[in-house]
Structures are given as C-alpha cells and as structure tokens.
Amino acid sequence: MDYMENINRFEALLTSVNRPGMDKLLAFIQKSDFYTAPASTKYHLSCNGGLLQHSLNVFDALESVLGPIEAPKPGERIRYYKVAWNNVAAIEQDSVIIVSLLHDICKTYFYAKSTRNVKNEQTGKWEKAPYYTVDDKMPLGHGAKSAMIIKQYIDLTTPEMYAIWWHMGYTDVTDPTTAATLSEAITRYPLILALHTADMMAARFMESETENKAEFRRTNGSAAFYASDYADMPTLPDEPPIFEEATPLC
Ligand SMILES: [Fe+2]
Ligand SMILES: [Fe+2]
C-alpha cells in the first residue's frame, strides 16, 4: 500500500468532480481520520490507511462493473450499467467517483486503537499488540450517515444519494418491509446494486486483513501500513464536527 500515492489519487479524483462545496468536503476529510482509519476492525484492510485503500478499491471495482466512459453528447462522461447487454442506467463519471470514494465516509471518527496481550510464539513471552476497536463518535448508522455527512458540504444527485444510503444492500436488512423498500429502490436506481456489488468485490476479492491481495496492488514492493506504523501518522482532532448547517435531504 502506497499511502501518499493513495492520498494523491483520492484527492485528484475528487477535485476532478465539478460540484460546488467539494473543496469544503475535502477539507473535512483532510482534518478527519479518513486517511489513517482502517476499513474494518478485523475483516478487511484492518490497518492504517485501510479505509482510504478500500475507497479506491471500490472505485476500481465499480469502474470494472460499468462500461467504459462514453460521450453521447460533447463534454459528457457517461458509463452504462448493462444487464444482459442492455443498458439499465447511464451513470455520470462524477457519480462513479463520488459514490465509490465517499460511500464509507461514515467510518471517520469511528475506530479507536487499543492494545492487547499476545503471546510471542518464538520467545514464549507475552507482548502488547495494537488492534482496532469501534468508538463511534457520530452514532448515526452507516449508509445514511455517509449521505448525511456528504450533504453537509455538497449536493448529491438522487441516484448518488440512494446508492450511498443503501450501499450495504441486503446485508444490512433484517425485516421484510425494509427489504421490499430496498428492492423498489434498486429497481428505480440501479446504481445502488452496482455500488453494493463493487463494495463486495473490493472486500471479498481485492483485500486481505492488512493489505490488498498481491494481484490488486498498484505499487509493488511498497511496505504495508500496519498498526505499528501509527506513530508516523498525522495528529488528529479528538472530536468530530457538530452538524449545524445541514441542508435538508430530499
Ligand atoms: Fe459500508
Ligand atoms: Fe465499503
């Protein structure tokens, strides 16, 4: 994992999006723990920079789920989501960038570092080993929380908001009524299913616990960012910002 390359790529992609307020959203991200947070406590990319790497992985996966960029009209940048060779949705490249890179922004101010005793099998001694735990400083849920945070700074198109809101798909749904609502939402906004698919592809196929799987590493030979590297990371604020000027969801 190349930490600086990931930051540069992430910021270049977001700043390529023409959306008022993106500079303020980027400033929020830079001040938060987004670049240092893990993607999970233990399942995938449970390491410094894991959330950043996962977000880029979902972008790469979503691009592969959708077709290449096309320009039906001059200046347009559209990807078509095809099912059985028919287009079910035309998705702007800006939307591809926004939903993939920001779908898990809810994981800012979400994790904390702790230590536990682990036996060193070679020496037989017990040693303190760092691990991640959940310490949600903004307990607002998951997909809906991501949409809420983003909406503090930029407008979302309707398909973008639906895709981010429902990006966990049926894995987050336990009751039939909500499942039926999600099914209706997917039918109306296929980007939900495309993003959910890309999210699963990233977590299941591309990522191991502390690094992308070898075939999905962009930079060969770079050191992985393990929890012990945390001392080199920037100092972060303790508390998330308070929502004061939220524009209403519509
Ligand atoms: Fe998520
Ligand atoms: Fe995700």
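1. A word on terms before the overall fold: helices (H or I, at least four residues) and strands (E, at least two) are taken here as DSSP runs, numbered from the N terminus. On that basis the pattern along the sequence reads α-α-α-β-β-α-β-β-α-α-α-α, with eight helices and four strands in the protein. Please keep in mind that this is a predicted model.

2. Next, some overall figures. The protein has 250 residues, and 36% of them count as buried. If you take the contacts between residues at least 6 apart in sequence, 65% join residues at least 24 apart.

3. Now to the interior. In soluble globular proteins, nonpolar side chains tend to be buried together. Here the largest nonpolar core holds 55 residues, and the members that touch the most others are Leu62, Ile150, Ala163 and Leu191. At least two core residues come from each of helix H1 (3–15), helix H2 (22–31), helix H3 (50–65), strand E2 (86–92), helix H4 (93–102), helix H5 (143–151), helix H6 (158–165) and helix H8 (191–206). H8 gives the most, with eight residues.

4. Neighbours within four places in sequence aside, Ile150 is in contact with Leu25, Leu102, Ile105, Leu156 and Ile164.

5. H4 deserves a look of its own. Eight of its ten residues are buried, so this helix is mostly covered. The buried residues in H4 are Ser95, Val96, Ile97, Ile98, Val99, Ser100, Leu101 and Leu102.

6. How do H3 and H4 lie relative to each other? Two packed helices are described by the angle between their axes and the distance between the axes. The axes of H3 and H4 come within 7 Å and cross at roughly 140 degrees, and the two helices are therefore oblique to each other. Their crossing is right-handed. On the H3 side the contact is made by Ser55, Val58, Phe59, Leu62 and Glu63, and on the H4 side by Val96, Ile97, Ser100 and Leu101. Sorted by class, that contact has six nonpolar, two polar and one charged residues.

7. Most residues other than glycine have a negative phi. Trp85, however, has a positive phi, near 70 degrees, and sits in the loop between strand E1 (78–83) and E2. Tyr109 also has a positive phi, near 55 degrees, and is found in the loop between H4 and strand E3 (111–119).

8. Are these two residues buried or exposed? Tyr109 has 21 C-beta neighbours inside 10 Å and so counts as buried.

9. Finally, please look at Ala112, which lies in strand E3. With 14 C-beta neighbours inside 10 Å, Ala112 counts as partly exposed. Which residues does Ala112 touch, not counting those up to four places away in sequence? They are Thr133 and Asp135. Ala112 and Tyr132 are 20 residues apart in sequence, and their C-alpha atoms are 5.7 Å apart in space.

How values were computed: Residues are numbered from 1 along each chain as its sequence is written. Chains are lettered from A and ligands numbered from 1 in the order in which they are written. This is a predicted model: local features need pLDDT of at least 70, side-chain atom pairs count only at pLDDT 80 or more; totals for chains, interfaces and linings use all residues. A nonpolar core is a set of buried Ala, Val, Leu, Ile, Met, Phe, Trp, Tyr and Cys residues joined through C-beta atoms within 7 Å. A residue is buried if 20 or more other C-beta atoms lie within 10 Å of its own, exposed if 12 or fewer, and partly exposed in between; C-beta atoms are placed from the backbone. Two residues are in contact if their C-beta atoms, placed from the backbone, lie within 7 Å. Axes are lines fitted to C-alpha atoms, for helices over the stretch in contact, and angles run from 0 to 180 degrees between N-to-C directions. Angles under 35 degrees count as roughly parallel, over 145 as roughly antiparallel, 65 to 115 as roughly perpendicular and the rest as oblique. A crossing is left-handed if the near helix is turned anticlockwise from the far one by less than a right angle, and right-handed if clockwise. Ala, Val, Leu, Ile, Met, Phe, Trp, Tyr, Cys and Pro count as nonpolar, Asp, Glu, Lys and Arg as charged, and the others, Gly among them, as polar.
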